[in-house]
Amino acid sequence: MKISTKGIYALEAVMDLAMHSEGELVTIKDISSRTEISEKYLERIVGALKKKNILESTRGKFGGYRLGAEAKDINVSHILMAVEGDLAPVECLTMTTDCGIDPDCCVTRIFWNGLWEKIKRITDNTTLQQLIDESEQITKEKIDALEYYI
Amino acid sequence: MKVSTKGRYGLRALVDLAYHCVDGHVSLVQIAERQKISLNYLEQVFSTLRKAGIVNSVKGAQGGYVLAIEPKDITVGEILRVLEGEFNIVDDLDQNQSANQTAIRRLVWEPINSEVRRYIYSTRLNDLVREHRMLNELSDENMYYI
């Protein structure tokens, strides 16, 4: 059970954009040069994020992207679900499947649902703002450590 | 982000085996019928489970499988590790990460990995068997009243 590269990159891309869009629009090229994610791949991710209103875009020569909501109002599950679909570990939790077993009597389905709850609890309760704060803290610690050595 | 077919079917088949093998061994044909899983696929899954020492095969015309361990002595996590490999949402990321990548790892991937691990290694096969019994015998009872 793995999260896809798309999910991993989407979080990085949105963080990068949020941290560099103080009043201005950010282009895919900018994000690509900082995150080293290819422009082509970013375009697909950004397209999916735009559809879910996590990002907004402006076209034209000075066009680019900005967040569609405040960082404190965007949580990790919004971002991951925009590119990964639901985060359910098995299909039968979110749609009708014809596995031949009565879903109400399927004990493993209940077990997987419990697992899904754990994943949702974390992704629903972690915001983009918290990620940004953590990243800034990490950078600050690195700088402090460097200054100490100098 | 999905559990593999092997993990899903394997766990379901093992619950079935554990539930039914109190009366002796169970043939894969019976499990295949009850769980609507192809026999071919079950044979592969049980070969993996046997190599890992979770089930034993009983040879002969009436052959089949029995659990090699008491259901209370094995966790779902141990079963899934055999069927799926280690249950991590992301593999070990390299340590040379940017501040953003480190933040994501600390606040998202690591908490998910540890919550998932805690959950699957604290659920035992007999917990699922007990729940399976409750669900199915309850519905049998309902049938009886109808």
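Helices are DSSP runs of at least four residues, numbered from the N terminus. The views below show a predicted model.

**View 1. D30(A) within helix α2 of chain A.** Residues 28–35 of chain A make up helix α2, and D30(A) is one of them. D30(A) counts as partly exposed because 17 other C-beta atoms lie within 10 Å, whereas a buried residue would need 20 or more and an exposed one 12 or fewer. D16(A) lies 14 residues away from D30(A) along the chain, and the C-alpha atoms of the two are separated by 9.2 Å.

**View 2. The hairpin formed by β1(A) and β2(A).** Strand β1 of chain A covers residues 55–58, and strand β2 of chain A covers residues 64–67. The two strands run antiparallel and are joined by 4 bridges. In one of the pairings, E56(A) has R66(A) of β2(A) as its bridge partner. The hairpin has 5 residues between its strands, and G60(A), in the turn, shows a positive phi of about 105°.

**View 3. Helix α4 of chain A, a mostly covered element.** Which residues of α4(A) are buried? They are V76(A), S77(A), H78(A), I79(A), L80(A), A82(A) and V83(A). Within chain A, these buried residues pack against α1, α3 (39–51) and α5 (107–124). They also pack against α5 of chain B. Just after α4(A) comes G85(A), whose phi is positive, at about 80°.

View 4. Helix α6(A) comprises the 22 residues 128–149. From its first C-alpha to its last, α6(A) reaches 32 Å, close to the 32 Å expected at 1.5 Å a residue.

**View 5. The side of chain B that touches chain A.** Here 34 residues of chain A are in contact with 35 residues of chain B. On the chain B side, the elements that give two or more residues are α1 (5–20), α4 (76–84), α5 and α6 (125–145). The largest share comes from α5(B), with 14 residues. By residue class, this side of chain B divides into 19 nonpolar, 8 polar and 8 charged residues.

**View 6. The elements and spread of chain B.** Chain B contains 6 helices and 2 strands. From the N terminus on, its elements run α-α-α-β-β-α-α-α. The radius of gyration of chain B is 19 Å, well over the 15 Å that the globule rule gives for 146 residues, so chain B is more spread out than a compact globule. Along the principal axes, the C-alpha atoms of chain B fill a box of roughly 60 × 40 × 25 Å. Of the 146 residues in chain B, 33% count as buried. Among the contacts in chain B with a separation of 6 or more, 63% are between residues 24 or more positions apart.

Methods: Residues numbered from 1 in each chain as written. Chains lettered and ligands numbered in written order. Predicted model: local features only at pLDDT ≥ 70, side-chain atom pairs only at ≥ 80, totals over all residues. Expected span 1.5 Å × (residues − 1). Contact = placed C-beta atoms within 7 Å. Nonpolar A, V, L, I, M, F, W, Y, C, P; charged D, E, K, R; others polar. Rg over C-alpha atoms; globule rule 2.2 N^0.38 Å. Pairing = 2+ DSSP bridges.
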